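This report covers one protein chain.

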Amino acid sequence: MSQVIAPLRKTRLRNVLSSLFVQVLIAAVIGIIAGHFWPDFGEALKPVGDGFIRLIKMVIAPLIFCVVVVGIAKAGDMRSVGRIGFKALIYFEVVTTAALALGLIAGNVFQPGAGLNVDPGTLDTSGVEAKTQGGHMPGPAEFVLHMIPDSAVGAFAENELLQVLLFAVLFASGLLHVGIDRAPQVFNFIEQAGEIIFKVIGYVMRLAPIAVFGSMAYLIGQYGLSSLSTYAKLIAACYGSALLFIVLLGILMRVLTGLSLVRFLRYTREEFALAVGTASSECVMPRMMEKLERAGCRKEAVGLVVPTGYSFNLDGASIYLSLATLFMAQAVGVDLTIGQQITVVLVLILTSKGMAGVPGSAFIALSATASAVGVIPVAAVALMLGADRIMDTMRVVTNLLGNCVATFIVSKWDNALDQDQARQVLSTPEASSKALQSEDESGEQSGERVPAMAGEAAQGTGTPVVAAEGIPAQQAPGDDATTKA
């Protein structure tokens, strides 16, 4: 009996350790220990995490282009693109405003900056200037013009996602007008290029545990664990507000789509662990887009909502900005009236939309808000230098989850969500991942498309929808095996 049990235990241990989620957690723990006991060594590991993020970023722009063009071309209807985009923008505006209001409520209830009695004249603002690099938030006209690239090549070279998205929509529109049957080589090239990019991402993801180790060692080595106690009340207020917001997102997702947020988190736990470890949601964008497609969201909806959400739907950042504004005011002894707090929300509604890609954007937004209110010394922004990095986990998780929920809800509104497929995938994520991993290891790459309604397709009555690649129709979609470490 013992001879049988021992191999089973080894197999289970091997399966557990082969999970990217487990590898990332182990790497994070080792990184924290290394950064705490050898801070100089931890600080020196910053290039490890930065290098991984760059490897992912180098393929994001072409991936978005391929996904959007193929999705729109397969849908064959530009009107649906306009509907999805319009509904997404309305959803983003409502939800981010709610996040800003929640941050203000938390600031008034918890009073995180009360009793600090900080003299603004004693604050050193040089750190803020170094963070912002002399940048500023674009105005409405400037923001709209910035969405139009000087050249298509420049949009890809500078990794400007909104510019790439605009070019992809226009290109897909032209392709539809010409007709896929008249330009099959162009369509096939873009579709196959997207598949190749996903494979490249799979190779890069094998380095994820190393990247998490470097990022966590740097974070702890640079800031130390002692910084947690300095801003304990503010941290508790921010993370508590984010947790409440996530619960509200779960309720919203259940009511509007009938899907479980808890099951979705279980399905994407590897991506969220990696995003937390590297303090970057961009590094998991390609894998998250792929998983959303496998979970029943149509390709064009995923390709439009997710990249747009990275600029317009920063829920975690919204909670942080409004709460941080109240923290600064309370720390320097300024009591904001209801009217001034409404001004804070209105200013942040505008400034938070242009944050993506701007160096030190949080500090620029806080400085602009302090100036607009008129009673908070701009120098008080320096108080956030020590807390900003600690808030990354809250912002990354909330931003990423908010965009995923938005994709499900907007897809449902536009009939671009296969709920049966979504329930099947979210209910058996481990089985789906193992099946795909076994298929990839055996070298079986069928390249088939999964019908949106597997049951109806078997009867010949379903409408095929691009949902996943290389997965038999009877098999539950899940995590791509090539992205397993």
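## A buried charged pair

Glu 271 is buried, with a relative accessible area of 1%; buried means under 20% relative accessible area, exposed over 50% and partly exposed in between, with a 1.4 Å probe and protein chains only. The model is a predicted one, in which local features need pLDDT of at least 70 and side-chain atom pairs count only at pLDDT 80 or more, while totals for chains, interfaces and linings use all residues. Residues are numbered from 1 along each chain as its sequence is written, and side-chain values use heavy atoms, with hydrogens and water left out.

The side chain of Glu 271 forms a salt bridge with that of Lys 291, at 3.1 Å from N to O. A salt bridge here is a side-chain nitrogen of Lys or Arg within 4 Å of a carboxyl oxygen of Asp or Glu. Glu 271 belongs to helix H15 (residues 269-278) and Lys 291 to helix H16 (residues 285-294), so the pair ties together parts that are 20 residues apart in sequence. Helices (H or I, at least four residues) and strands (E, at least two) are DSSP runs, numbered from the N terminus. Lys 291 also counts as buried, at 2% relative accessibility.

## Other salt bridges

The whole structure holds 12 salt bridges. One of them joins the side chains of Arg 298 and Glu 300, at 2.7 Å from N to O; Glu 300 is buried, with a relative accessible area of 2%.

Arg 395 and Asp 392 also meet through their side chains in a salt bridge, at 2.5 Å from N to O. These two residues are three apart in helix H22 (residues 392-413), a separation of about one helical turn. An α-helix has 3.6 residues a turn, so residues three or four places apart point the same way. Both count as buried: Arg 395 has 10% relative accessibility and Asp 392 has 16%. Elsewhere, salt bridges with shared partners join Glu 270, Glu 271, Arg 287 and Lys 291 into one network.

Leu 20 lies in helix H2 (residues 20-37) and is buried, with a relative accessible area of 0%.

Helix H4 (residues 46-75) has 30 residues and should span 44 Å at 1.5 Å a residue; its end C-alpha atoms are 43 Å apart, which agrees. The expected span is 1.5 Å times one less than the number of residues. H4 bends by about 35 degrees at Ile 60, and Pro 62 follows within four residues. The bend is the angle between axes fitted to the seven residues ending at a residue and the seven starting there. After H4 comes Gly 76, with a positive phi near 70 degrees.

## Chain and confidence

The chain has 25 helices and zero strands. Of its 485 residues, 52% count as buried. Among contacts (heavy atoms within 4.5 Å) between residues at least 6 apart in sequence, 83% join residues at least 24 apart.

The average pLDDT, the predictor's confidence in each residue from 0 to 100, is 79 for the chain, and 77% of the residues score at least 70.
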